[in-house]
Amino acid sequence: MAFFFAQFLTGLANAAALFLVASGLSLIFGVTRIVNFAHGSFYMLGAFIGVTLMEILPGHVGFWGSILLTGLAVGLIGALVEMVVLRPIYRAPELFQLVATFGVILVIQDLALMVWGAEDRLGPRAPGLRGIWRIFGEPVLKYDIVLIAITPVILFALWYLISRTRLGVLVRAATQDREMVGALGVNQAWLFTGVFALGSALAGLGGALQLPKGGADLLMDFNIIGAVFVVVVIGGMGSLPGAFIASVIISVLNVFGVTYLPQSTLVLMFVVMAVVLIIRPYGLLGREEVAGEHGQVGAPETPIRPYPPAGQIAVAAFLGLLALLPLFADQFVLILMIDMVVFALFAASLHFILGSGGMVSFGHAAFFGGGAYAAALLVFHFDTPMELAFLFAPLAAGILALAIGWFCIRLTGVYFAMLTLAFSQLVWSLAYQWRDVTRGDDGLVNIWPAEWLSGTVPYYYFTLILGVGGIIFLRHVIHAPFGYALRAGRDSPRQAEATGIDVKRVQFGAFALAGAMAGLAGGIFVFSKGSVFPTELEIAASFDALIVVFLGGVKTLAGGVVGAGFMTLVEDWLTRLEYWRLLLGLVIIAVVIIAPEGIVGSFRTLWARIRHKEDAA
Amino acid sequence: MTEILRVEHLKKSYDGFLAVNGVSFSVQQGELKALIGPNGAGKSTCFNMLMGQLKPTEGEVFLDGENVTGKRPRDIWRRGVGRTFQITGTYQSMTVIENVQMALMSHNHRLFSVWPRAWKLYREEAFEFLETVSMADQADRPCSILAYGDLKRLELAIALCHRPRLLLMDEPTAGMAPSARIELMQLTADIVRDQGVSVLFTEHDMDVVFAHAHHIMVLNRGELIADGDAEAVRNNPQVQEVYLGGGTLFKEAADA
Amino acid sequence: MTLTRRFVLGTTAALALAPAAALAQDGPIKIGEINHYKRMAAFAEPYKAGIELALGEINGEGGVLGRELEFVFRDDQGDPAEAVKIAEELMTREGTVMLTGTILSHVGLALSSFAAEKGYLYLAAEPLADSLVWKSGNPNTFRLRASTWVQAAMLAEKAAETDAVKYATIAPNYAYGQDAVEAFKENLKRLKPEVEFVAEQWPALFNIDAGAEVQAIERAKPDAIYNVTFGTDLAKFVRDGGDRGLFDGRDVYGLLTGEPEYLDPLGADAPEGWYVTGYPWYGFEEGTPAAEFVNAYMESTGESPKIGSLVGYLTAQSIAAAIEEAGSTETEALIGAFEGLTIEDTPIGELHYRELDNQSNMGAYVGTIAVEDGQGVMVDWEYKEPSPYMPSDEEITEMRPAE
């Protein structure tokens, strides 16, 4: 019993930092509707700034003073980020801002490396709080007790701020209804900046507070962000008490998981999130998202059209050029093109459900990697001929999408996104932990194409036919009744249902088709690289696709493909440089600010404007 | 006359508040029937329960004698009910004619076909529907730039695609110029007459209501206080009480 | 100063070679080096510095085959697919003659498979996975460092000498951690069949919940603990476990724990008394090759060496020696040269690549951690050759796919 209690206390102490970071994220989301992926970076900055300050300032006052100063400093950095990066793009399409926050992550990573160096920093001890107290005979860290005591204080302070102050009234009003705040005569821009700064400060505090239990390192941003999103989603996006309850639940469950199910450490929280979302689609204390609230911000999409003859000729000429490429390009160009086509098909498959269906998936890599693994497993374990194994890539991915879609499709918006994320994490952990079958992160190697495809040129044509064929097929489907039905369900689910369209079923079908096409991309991928690893199933892989779709332009048909091409080239070029992450981050942020409709969308607008001027002239 | 729609003791409560309280009525084939009442009387809630967007707390809805209570909108649609909305719900990313084509694709069970080009399907037919509502000249404009009144007419065209036997129209003329209102209601009356369609509509404009409706129902605070022809409703003291000063309106309508 | 001298030396060397213009005009011999420079900066940077130190010396003495030796460093973001793409570019466009690099085992495995398929040569410098030269071994892949199996066996040998019977293990939840636990268990059980493993903890890599892990191990009441965590996980585990008294009266064996990459950040928190593998650069006797390397490294970089520095240095030395031996830069000749290659006078003495499995004979330093001047160091250490800890030749031949 005493042991249980001690474990419980450990869980509560772990909840402290998690709650601080999660409450900040929840607050930011609740008011600004920004899914801030850079939140982990503020946590990391908090740790590094905290360590630096604590080295300078001595004693009790120094230690606690450093933590407060850290919160202040990170809050200022957050305000700066909000003003420079996010403020210009609030009117961009839904979730577009998360691309910008992804750029911020990259920038902060390299800046932190420049400033603090590569080596991990061990956090200093809290003065006077080294060692343990015994509670019922069990050792409990003194600092853990302090953390357990601090958390409710912070919760109370936040509660007071939100429910008892004018700022709080505005924040609540903004959470309920954004237009209202504008109507109240409040400068919305400064409210957003203030909330973003407060949220960042909380993350920074979290980073500094955990120092005596750990330290500062360059991987902590990515390491915490998953858990933080899980907490915010379980609690209900925008709900502070929800975030608190969820961080306690997750932390305590983790502690018991470690003891009684030690292998569960990778997936436990994602399992919990999936279960909660299936039972309560809006989290424990979240409220249902009002339809249209997250809908199409900004200009409505223009009706789709097949390319005019000139456009068709241009596309045909481009494809002809690709077909002739092996005649004059060197081998590496072909390799790069294979990568590009694979990525473009992957992105196009995500774009299909995201653009036409309005379904933002955070877990699309499950199907890309799933397809790759399906083919690789057949080759690896049964020596299946490549041609046959390859067919299983889209097939297995499609079936996987049916299974995952069955659970996810009933949710919408950010919750849909998070449930897809949870399932993709489950698939990832399966590949990662079921070593007898998947060899874990040693991956499946020696998955090479059949003899007749083994050269770079034959495989290039193979990729070109299937990859470009897949992209054209998806495009075709968008112009077909099925694609129209998908868009109808996105534009007005109410009207669609009232005219006999089973919106969920159409979305389900689209999800499966997108999964199968991602699997096709995965199949081409695995035989071009000769190996597959769980990295292909990681969250980062899903986000790569998501980011290029947004960069290319959600409300365009070519956005995914163009974004993928752009990103492959930029990345290939930038990674040769020393501080490529900084540069890549800046490129992303620049594109986001300059071209809020995405690359294709902005070119189209520009073109329309030029045409318009000509007409006028 | 055969009865198409029958509603018995329909109730809807939100957290104890009764938005609709035990409403019963029926609609006959070929009837043009209005449901009127002040704001917040429960008209849209009623419509949403008939079409399946909302589940009634109590009571039943019969279509051709079949109990359809709690069925989903698309099941009700399948049984021949079309509807237009108070706040229009058209497909913003499509052209006007594509909106109609979409409804025709649904009508013809082509939703899951992935090969034909959608804008080539049923174009002629869709054009005819647009002509019916005088929208043919705007066929290829993006839906997102239409005037509100035009959206209403477009919705009517969409609703007609499935050859409904019953049309539920929620404020069909809201946002239209007076002349356009008359035009639209005349059109609706023609459809009722020519195709034997029944129409149940809500409306704020009493001119429209009294000029065209065969029968009028009045809803107040969730309860039906009158159900009869124009004359009976106009003379109903309870109705006159609800529409304070509305008497003039009624008289004007009667004069018209 | 050193830079100037090297520059002068280099220039002189270039001038001296001027008559052999026919050779020199081919330009340098390029080696493709792929690593996770950003994702694992703390490990990759000292490694790169080690390579650069060796390159300076090699080129200062006239390069190889009369040409300058040059490494082309590329960042793969820790992504195997990216690494394969870069490898392709390096070999087909950049004109590199062979590939080396990577720290993470899975990237190494991807490159190894790629090299075999395309007929390139790959020297895996740092990856520790046993399968690289055994179960997934191929003729095109060579490996420098002592593998997980060997290092775990060294610790197991020491553990078998004690009275401890009940063991707990803690390892990051991924292939390396699992292999390391498996290797330790197998070796220890062979040496001492009565041992029992009472707890196996698997924290997520770089996401340890130290308090919970410590409590779980304490609950199992083991006699001894085998630790495979490293980096930030190690720091948290050591700190929490130390505070709660987990290590009091228990033997602890730490794989890689003594490597400066992991030991240095712990500072005075370094866990005293742990028996570990590592790199005691501070303890070499003056005048030995090992000490000379340390001095040269510190002189050129101004920093103390990590084990990565040593591996980088040996990587460049190995490649230079293989090219000299082959007398050409053709892949076939290079592979032939690597098989059975012997290099005298390296910091670890004679370095040799076995023909049997393409594994080098680089061993490991084992010793006990002590804290001196607020910094963890290895004391009573010794350098152990890997061969006594390897499976038998027959077993290895059995494991390697038919060549």
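Chain C has a mean pLDDT of 90, with 93% of its residues at 70 or more; pLDDT is the predictor's confidence in each residue, on a scale from 0 to 100. This is a predicted model, in which local features need pLDDT of at least 70 and side-chain atom pairs count only at pLDDT 80 or more, while totals for chains, interfaces and linings use all residues. Residues are numbered from 1 along each chain as its sequence is written, and chains are lettered from A and ligands numbered from 1 in the order in which they are written.

For the complex, the predictor gives an ipTM of 0.92 and a pTM of 0.89. One stretch to treat with care is residues 1-25 of chain C, where pLDDT stays under 50. The model has 17 contacts beyond four places in sequence for that stretch; two residues are in contact if their C-beta atoms, placed from the backbone, lie within 7 Å. Where pLDDT is low, the predicted coordinates should not be read in detail.

## Who touches whom

Ala, Val, Leu, Ile, Met, Phe, Trp, Tyr, Cys and Pro count as nonpolar, Asp, Glu, Lys and Arg as charged, and the others, Gly among them, as polar.

Over at chain B, 25 residues of chain A are in contact with 35 residues of chain B. H19(A) gives the most to chain A's side, with seven residues. That side has 12 nonpolar, seven polar and six charged residues. As for chains B and C, no contact joins them, and their closest C-alpha atoms lie 34 Å apart.

## Chain B in two domains

Chain B is split into domain 1 (3-90 + 165-255) and domain 2 (92-145), with bounds that come from an automatic or database domain assignment. Taken over C-alpha atoms, the centres of the two domains of chain B are 28 Å apart.

## A sheet in chain C

Back in chain C, seven strands make an open, mixed sheet in the order E7-E6-E8-E9-E10-E13-E14. Two strands pair if DSSP finds at least two bridges between them. Strand E7 (196-201) and strand E14 (375-384) of chain C are the edges, each pairing on one side only. Within the sheet, E9 and E10 of chain C run parallel and are joined by three bridges. C:Gly254 stands opposite C:Val276 in E10(C).

Most residues other than glycine have a negative phi. C:Gln77 has a positive one, near 60°, and is found in the loop between strand E2 (69-75) and helix H4 (80-94) of chain C. C:Asp345, in strand E11 of chain C, also has a positive phi, near 55°.

How exposed are they? C:Gln77 counts as partly exposed because it has 19 C-beta neighbours inside 10 Å, and C:Asp345 counts as exposed because it has 10. The cut-offs are 20 or more other C-beta atoms within 10 Å for buried, 12 or fewer for exposed, and partly exposed in between, with C-beta atoms placed from the backbone.

How values were computed: Helix = DSSP H or I, 4+ residues; strand = E, 2+ residues; numbered from the N terminus.
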